[in-house]
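This briefing is for a reader who is new to the structure shown below. It goes through a few regions in turn and ends with confidence.

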Amino acid sequence: MLPFASCLPGSLLLWALLLLLLGAASPQDSEEPDSYTECTDGYEWDPDSQHCRDVNECLTIPEACKGEMKCINHYGGYLCLPRSAAVINDLHGEGPPPPVPPAQHPNSCPPGYEPDEQESCVDVDECAQALHDCRPSQDCHNLPGSYQCTCPDGYRKIGPECVDIDECRYRYCQHRCVNLPGSFRCQCEPGFQLGPNNRSCVDVNECDMGAPCEQRCFNSYGTFLCRCHQGYELHRDGFSCSDIDECSYSSYLCQYRCVNEPGRFSCHCPQGYQLLATRLCQDIDECESGAHQCSEAQTCVNFHGGYRCVDTNRCLEPYVQVSDNRCLCPASNPLCREQPSSIVHRYMSITSERSVPADVFQIQATSVYPGAYNAFQIRAGNSQGDFYIRVRLWTEPYSSTRYTRCPRPQSRRLGL
């Protein structure tokens with residue numbers, strides 16, 4: 001064929017090539033079908049619209065996506081995405097939009113409505129039939145003939161998405177704020193609780209709610225204080241109370257003996273004494289109060305802490321009793337020449353534990369005759385040498401004698 005064509009002129013060669021091309025094409029055209037009914041994967045032929053339409057695999061394939069994934073139909077296929085994911089449609093893409101399948105029955109209702117069995121136009125609930133394009137973060141609200149995509153409470157729309165509002169930025173809470181998805185929660189510091197408005201904090205009275213104070217509880221703003229009764233002190237734990245031993249702090253609280261008691265102390269006196277006020281001890285005068293057991297022939301002599309019964313008449317021969325405590329030796333009696341003219345019996349109480357030496361008592365003798373000689377001596381009760389006599393003389397016809405106690409802290413009764 002090439003050698004033959006090469007021998008033809010140029011114009012004839014062009015015509016020959018054209019005829020060959022036409023001859024080759026004519027049998028192929030005769031074999032082509034009048035229309036195409038085959039579509040690519042993910043599409044199916046729609047005889048009404050005479051176009052290939054997308055197959056919604058999310059409806060035709062049972063459980064197309066497993067687990068927590070959601071099925072999103074796509075041109076020619078489908079996607080399994082997390083439920084929180086959003087698909088942004090590319091409205092400005094180069095590809096043509098998918099064909100809309102024609103209605104099987106003519107719809108004479110306005111957009112957003114469809115005829116019912118009685119051929120009345122009823123609203124189409126796009127939200128219930130998933131015919132909306134609301135994002136997963138948005139709520140779909142059906143409207144007559146349409147629908148609306150809104151953000152839930154606590155969210156606001158930023159671009160195409162709903163974003164959580166951080167209410168804590170606006171200082172709604174008095175103390176602390178905790179932001180939550182779509183909401184917030186107020187919290188209070190220890191010692192406070194939320195008020196009726198769930199935002200402000202009010203003080204909690206821990207004392208009325210069983211505070212662990214052992215004795216006394218004082219409520220304060222945001223906390224409480226434990227205190228103890230008088231005579232107790234607060235323990236280290238701040239709740240319990242311990243007794244204070246007041247007697248251990250000082251030896252001068254009581255005159256005689258201090259006795260510690262729970263929350264207090266008391267002063268005790270020895271036998272024969274009674275408590276004066278709260279701390280001092282006072283001698284009980286049994287002779288004056290009649291709390292003695294002396295007979296009629298005896299005289300009650302009171303001393304510190306007790307009493308003694310002595311014979312009323314202590315005068316011995318040749319002395320004669322002239323008063324309750326005085327004995328006189330008559331000058332007419334020859335036996336009285338070497339005896340003192342009179343004896344006076346006196347009793348005194350000497351307190352123990354006093355500093356020594358100390359003057360116990362002082363007596364003074366007078367004489368009506370100048371140059372008279374007076375002698376003083378301790379006749380009884382001084383066997384251990386607890387007492388001694390100290391004489392002081394004056395130029396006047398008087399002499400004074402002091403009976404001084406020696407350094408022995410014991411009580412003795414003197415007999416002169």
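This is a predicted model: local features need pLDDT of at least 70, side-chain atom pairs count only at pLDDT 80 or more; totals for chains, interfaces and linings use all residues.

**EGF-like spans**

The topics below start with the annotated spans and then move along the chain to a hairpin, a helix residue and a nonpolar core.

- The UniProt record, an unreviewed entry, gives the feature "domain: EGF-like" at residues 123-163, 164-202 and 243-282.
- For residues 164-202, the composition is 0% helix and 41% strand. The end C-alpha atoms of residues 164-202 are 29 Å apart.

**The hairpin of E21 and E22**

- Strand E21 covers residues 273-276 and runs antiparallel to E22, with four bridges joining the two.
- Between these strands of the hairpin there are three residues, and Ala-277 has a positive phi near 65°.
- Across the pairing, Leu-275 is opposite Cys-281 of E22.
- Strand E22 spans residues 280-283 and has two faces: Cys-281 and Asp-283 are on the covered one, while Leu-280 and Gln-282 are on the uncovered one.

- Helix H4, made of residues 286-289, contains Cys-287.
- Cys-287 counts as partly exposed because its relative accessible area is 21%, while buried would require under 20%.
- Apart from neighbours within four places in sequence, Cys-287 has contacts with His-292, Cys-300, Val-301, Asn-302 and Tyr-307.
- Gly-306 is 19 residues from Cys-287 along the chain, and their C-alpha atoms are 9.3 Å apart.

**The largest nonpolar core**

- Six residues form the largest nonpolar core: Cys-315, Tyr-319, Cys-327, Cys-329, Cys-336 and Ile-343.
- Tyr-319, one of these core residues, touches Cys-327, Leu-328, Cys-329, Gln-339, Pro-340, Ser-341, Ser-342 and Ile-343, leaving out residues up to four places away in sequence.

**Confidence**

- The average pLDDT of the protein is 78, and 77% of the residues reach at least 70.
- Residues 1-35 have a pLDDT below 50, and this stretch makes two contacts in the model beyond near neighbours in sequence.
- Residues 90-95 also have a pLDDT below 50, with zero contacts in the model beyond near neighbours in sequence.

Conventions:
Residues are numbered from 1 along each chain as its sequence is written. Side-chain values use heavy atoms; hydrogens and water are left out. A nonpolar core is a set of buried Ala, Val, Leu, Ile, Met, Phe, Trp, Tyr and Cys residues joined through side-chain atoms within 4.5 Å. Buried means under 20% relative accessible area, exposed over 50%, partly exposed in between (1.4 Å probe, protein chains only). Contact means heavy atoms within 4.5 Å. UniProt positions are given in the numbering used here, feature names are shortened, and annotations may be inferred rather than shown by experiment. Two strands pair if DSSP finds at least two bridges between them. pLDDT is the predictor's confidence in each residue, from 0 to 100.
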